[in-house]
Structure formats: C-alpha cells, structure tokens
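Subject: Two-chain model, handover and findings

Hello,

Here is the structure I promised to pass on. Please open it first, then read the notes below.

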Amino acid sequence: MRVALLSLMSCGSCAENLEIVCQSEGHELVWSSLRDDGEVPDVDVLFVDGAVDFADADARERLERAVSSADVVVSLGSCAATGGFERHAIGMREPARYHFTVFPAAKFADTDYAIIGCPPTEDAIASFLEALEEGDDDRLEPYRVLSGDFHGLDPNLPSPVRGPEATVEDVLLTSNKDLCLGCDLDVVERELFCTGCGACAASCPAWAIEIDEKPEIREDRCIRCGTCFATCPRSFRA
Amino acid sequence: MRGLLRKILGKKDRRDGKMKLDPELVGEYRGAYLARATEERFREAGQDGGTVTALLAHALEEGYIEAAVVSTTGSDPWRPRPTVATSVEELLEAAGSKYSISPNLSALETAVGSHDSVAVVGTPCQVSAVRKLESHAYGVADVAERVKLLIGLFCSENLTYKGLTELLEKEIEADLSSVERMDITAGKFTVVTSDGEERSVSVSELRRYANEACGFCTDLTAEDADVSVGSTGAPDGWNVVLVRTGRGERILQSAVDAEVLEVRDVDEGDPATLERLASDKRERAESARCAVWRPYPTSP
C-alpha cells in the first residue's frame, strides 16, 4: 500500500514502528513529514501521529490540509488517538490530569481508524494494514470504533449493560470514560467485569499497573494511552 | 435427572457419531481423552493426573518451549502468583490448582520478551485474553509468534483470596494455613486439613465468595485453548483432555509417544457430567446478566 505519515508533536516511536512495518511488509512509505516537505501526495492511507497544541495554528493547519487530501486517515498511537504521553507527561513533568492546551490530533481532524498503543506494536500496525488492504471490515471494526469521539460521550446511550461479551460497538458500556479510552483510573469496571487475568499489566507501556488480583493504576505514572482498556479481554471481544 | 432426560431426549444420535462430547457445550475440539502422567512425581505434585505439569515438562525437555507462564504459591498459604518457569523443578513447584485469582498474563510480557517460545497455562478468561493479544497486539509484541502452546484449565469460577479465606472460615471451618489439599471435582469443593479430616461444600455455595465477574462467563472448558485440561468428568487421578488445535495435537501426540502421558478413551470417564456442568455455566451466565441489568452509568 502507498502510505504517508504526518508526524506532529510526538516522541517518534510510532513513526519508527510504522517505517519498520512498511519495510518488512512491503508497503511503500511515499511521504513522511519527518523527511519530506510540501503537500501529501496521493496515497492509500495517511497516518497521523502525535498531539497538537491548540495554540499552534501552523500545526493545526498542516493537519487540516493533510487530512482533507487523504481518503483514509488513521491516528497512529495514543498521542494521536486518546491523549497519551504528550497530553499527560508534557516536558517530562509529572503527568497532570489535564493539560489544557494539548489535545490528541484526532480531536482536530476526522479520523477513520485509530491504532491504540504507546507505541502500537509492529504486529498491531502490520495487522491493521493487512486488514485494510484486504478490505476486511470485521477485522477493521475495532480500529474504527476506537477512533470514535470519546470526549463527547453521550451518557444516555440506549443499550443496557448486558455482560462482558460486548461487541466492539458497545465497547464503552463496560467502562465509564470521559478523558480517554481506558482511564478513569480503572481498566474496566473492577467488580463487575474484571476477571483478574493480568493482560492490562502486561500491556501497560508506562509500568503504571500493579496487579495482585485486580489492577491498581498508579495515577502518577498513567499516561492515559488506553492500551490496557483496548487489551482487556472484556472491553470487547477479539 | 437432567442427565437422564438428556439421554432420553435425542442426545443418543450424536453419541453414535464420532463426537463424544457436544461441541456446542465444550467448544470445538479434535480429540477428547482421559490422560494422566506416567511418572509418579508429576501425579503426586499435580492436582489430579498431573497432565499439565507432565505435558509442559515434556515440551521443555523436547525444546518445544523455553519457558512456561504458570502460577506458583507465594508467601501466603494458597495465595497464587504468576511466574515464568524454565525448568522441570520450577514446574513441579508450581504444580497443582490454587483456587484464587492469579493474574498470569501479567508475567506474559516478561516471558515473551526474554524467550522465543513460551507456553501459557491459564483459566478460560486468560486463554481468551491471550487470543485477543494475538489478534490485537496493542501493547504486547510477539505474542502470536512466541506463544507456542496455550493450555486452558477447566474453570467453574474463581475466588478472590479474601473470598477463599471467608469460605474456609464460614463454610468449612478451617484455616487456610492448615489446609493440605483443595479440590473441585464433580460439583463439590473438597478440603483436606492437616489433621487428615476431609470436608466439602457444594460448588453452588462458592458463588457467594467468587469473583463477581465470573458470573458472566460462559466458558467452562477454555474453548480458545490449544489443549484444555480438567478433572470434571474424569475418574480419580485422571484428567479430561480436549485437544483443539493442530499444534495442541502434535505436542500431545509427542508426549504420548514418549510415554510421558498415558491416555484412555474419554468414554471411560463421565462425559455426561462434563457436558452438564458446561451447560449449567452457560445458563448461569444468562441469569447473572439479568441480575445486574442496569442502564449505562452516567458520567460523574
């Protein structure tokens, strides 16, 4: 596939993983804002990585222009999708719950899919590109749902909580989130849905989850990337 | 009674066919057997037939895996904690069931990070979580590539450590530290204390002390596993083994060929009981869902 990358305020790990995947899986990274100037050429998919300071008009305009020229836009990594490191640990300060000027890129642009992770593993990026290439809507569904606007979450969703085998459309029913996907400092509702499997602790990139029976999130380390929630076997079915 | 009804009501046709257990109830499988370890040390250390421990030891010795994610016992009596076992000695130390939550997958990242081939042993929910990590690798790399064997344990529900302590105090009237052996077989939770006394309580009593989240689970037999192992439906000292995938089949075959495991036909046990309990668990989940019905929680 022909791939482009717009890298905004980020550490660069997502971009690096994308490049590795493109090389190993035979996709062509035709344009990357890290090395190319000018406009985004005609590509199959545009990845947006990183966060945007909303006081930075230049960055917002670049994002807007790039997104308007692409058919498929994907937020790559948690900084672009949910908040993540750039929003919650700016300048290596202690993470603050709200950093008022920095938002995930997906907040300023309509994205079709989101790949959660800090950074998303090469496996996740490769399997997403494979599903996109094959047009496999079933496999793409989680990426589509996770790109939804969780900040403007409607608390009056019509469906009731029915159980942990929620389909991915009902993904939010197992949680009560407003800041990002997996936050509220609980992976999923502890008493009702958590089986204590430990997958969240294994997936946490910030070593913020300690688990004895049920996960305990250390607020001072959590970057609200949502990886734990997306990984939880009870947030939605694989 | 239910078993009798089942026999009368048309289940007979299926029994004549190839499948000995109903895949609708126990999940898809390629083969169902009774198995136990041939070596005494595995049977003694293990819960029933020592099948899981012997199978893992065989896989380690044959170089099929380098490490296994299992749960061992920590400093508190009967309190499990996940560990990565790399030798037969460590496997033997971790052998046997502990009836409390062990977040095994929290050790998975360390395991796949430092070993090329890993086996994971877990409850049905943990097995499903590994499958999800394989297809949605948001945070843990190389799970699909490096997890070579996924062993699921039959599980009716799991207890929190607090729940287990309370259960022993109230229903069994025993102290955790004096317990020599715990076992769930044929619908009974049995405890043997150090003075040799055996006390038991029906599994339905466990519900009150169990992890609430288990009430939703429909999976008794770890339907996503490569190999599922449990004691339900097996005679004393034996395990029921359900082989579900090609790689599960290969490793089991290799263990049988090497005479690490001895297998028998599953019909020599009690497959009807296994089917009944599997079906009960599905029905129970339905009622749990009704009990907690509530509207979507409003934002604070």
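Chain B has 13 helices and 11 strands. Helices (H or I, at least four residues) and strands (E, at least two) are DSSP runs, numbered from the N terminus. This is a predicted model, in which local features need pLDDT of at least 70 and side-chain atom pairs count only at pLDDT 80 or more, while totals for chains, interfaces and linings use all residues. Residues are numbered from 1 along each chain as its sequence is written, chains are lettered from A and ligands numbered from 1 in the order in which they are written, and side-chain values use heavy atoms, with hydrogens and water left out.

**The two chains**

Of the 300 residues in chain B, 54% are buried. Buried means under 20% relative accessible area, exposed over 50%, and partly exposed in between (1.4 Å probe, protein chains only). Chain B exposes about 13,000 Å², and carbon and sulfur atoms supply 47% of that. These areas come from the Shrake-Rupley method with a 1.4 Å probe; for residues, only the protein chains shown count as cover. Among chain B contacts with a separation of 6 or more, 67% involve residues 24 or more positions apart. A contact means heavy atoms within 4.5 Å.

Chain A has nine helices and nine strands. It runs to 238 residues, and 59% of them count as buried. Its accessible surface is about 9,800 Å², with 46% belonging to carbon and sulfur atoms. For contacts in chain A between residues at least 6 apart in sequence, 73% join residues at least 24 apart.

**Aromatic rings**

How many aromatic pairs does the structure hold over all chains? There are eight. Rings of Phe, Tyr and Trp (its six-membered ring) pair if their centres lie within 6.5 Å; planes under 30 degrees apart count as stacked, over 60 as edge-to-face and the rest as tilted.

A:Phe54 and A:Phe103 are an edge-to-face pair, 6.0 Å centre to centre with 80° between the planes. They link distant parts of the chain, 49 residues apart. A:Phe54 sits in the loop between strand 4 (51-53) and helix 2 (57-69) of chain A, and A:Phe103 in strand 6 (residues 102-104) of chain A. A:Phe54 is partly exposed, at 41% relative accessibility.

B:Tyr99 and B:Phe189 are also edge-to-face, because their planes stand at 90°, with ring centres 5.8 Å apart. B:Tyr99 is in the loop between helix 6 (88-94) and helix 7 (108-114) of chain B, and B:Phe189 is in strand 7 (residues 188-193) of chain B, so the pair ties together parts 90 residues apart in sequence. B:Tyr99 is buried at 13% relative accessible area. B:Phe189 is buried at 0%.

Ring pairs also join A:Phe47, A:Tyr113, A:Phe128, A:Tyr143 and B:Tyr138 into a cluster.

A:Thr121 lies in the loop between strand 7 (113-115) and helix 5 (122-134) of chain A. Is A:Thr121 buried or exposed? At 7% relative accessibility, A:Thr121 is buried. Leaving aside neighbours within four places in sequence, A:Thr121 contacts A:Asn17, B:Ala137, B:Tyr138, B:Gly139, B:Val140 and B:Ala141. A:Pro119 is in the loop between strand 7 and helix 5 of chain A. A cis peptide bond joins A:Cys118 to A:Pro119, with omega about -10°.

**Helix packing in chain B**

Helix 5 (residues 51-61) and helix 12 (residues 246-257) of chain B pack at about 90°, with axes 10 Å apart. Axes are lines fitted to C-alpha atoms, for helices over the stretch in contact, and angles run from 0 to 180 degrees between N-to-C directions. Helix 5 of chain B is therefore roughly perpendicular to helix 12 of chain B (65 to 115 degrees). B:Leu55, B:His58 and B:Ala59 of helix 5 meet B:Ile251, B:Leu252, B:Ser254 and B:Ala255 of helix 12.

**Two positive phi values**

B:Glu173 has phi near 55°, positive in a residue other than glycine. B:Glu173 is exposed, at 60% relative accessible area. B:Glu259 is not a glycine either, and its phi is about 60°. B:Glu259 is exposed, with a relative accessible area of 60%.

Best wishes

Technical notes: Angles under 35 degrees count as roughly parallel, over 145 as roughly antiparallel, 65 to 115 as roughly perpendicular and the rest as oblique.
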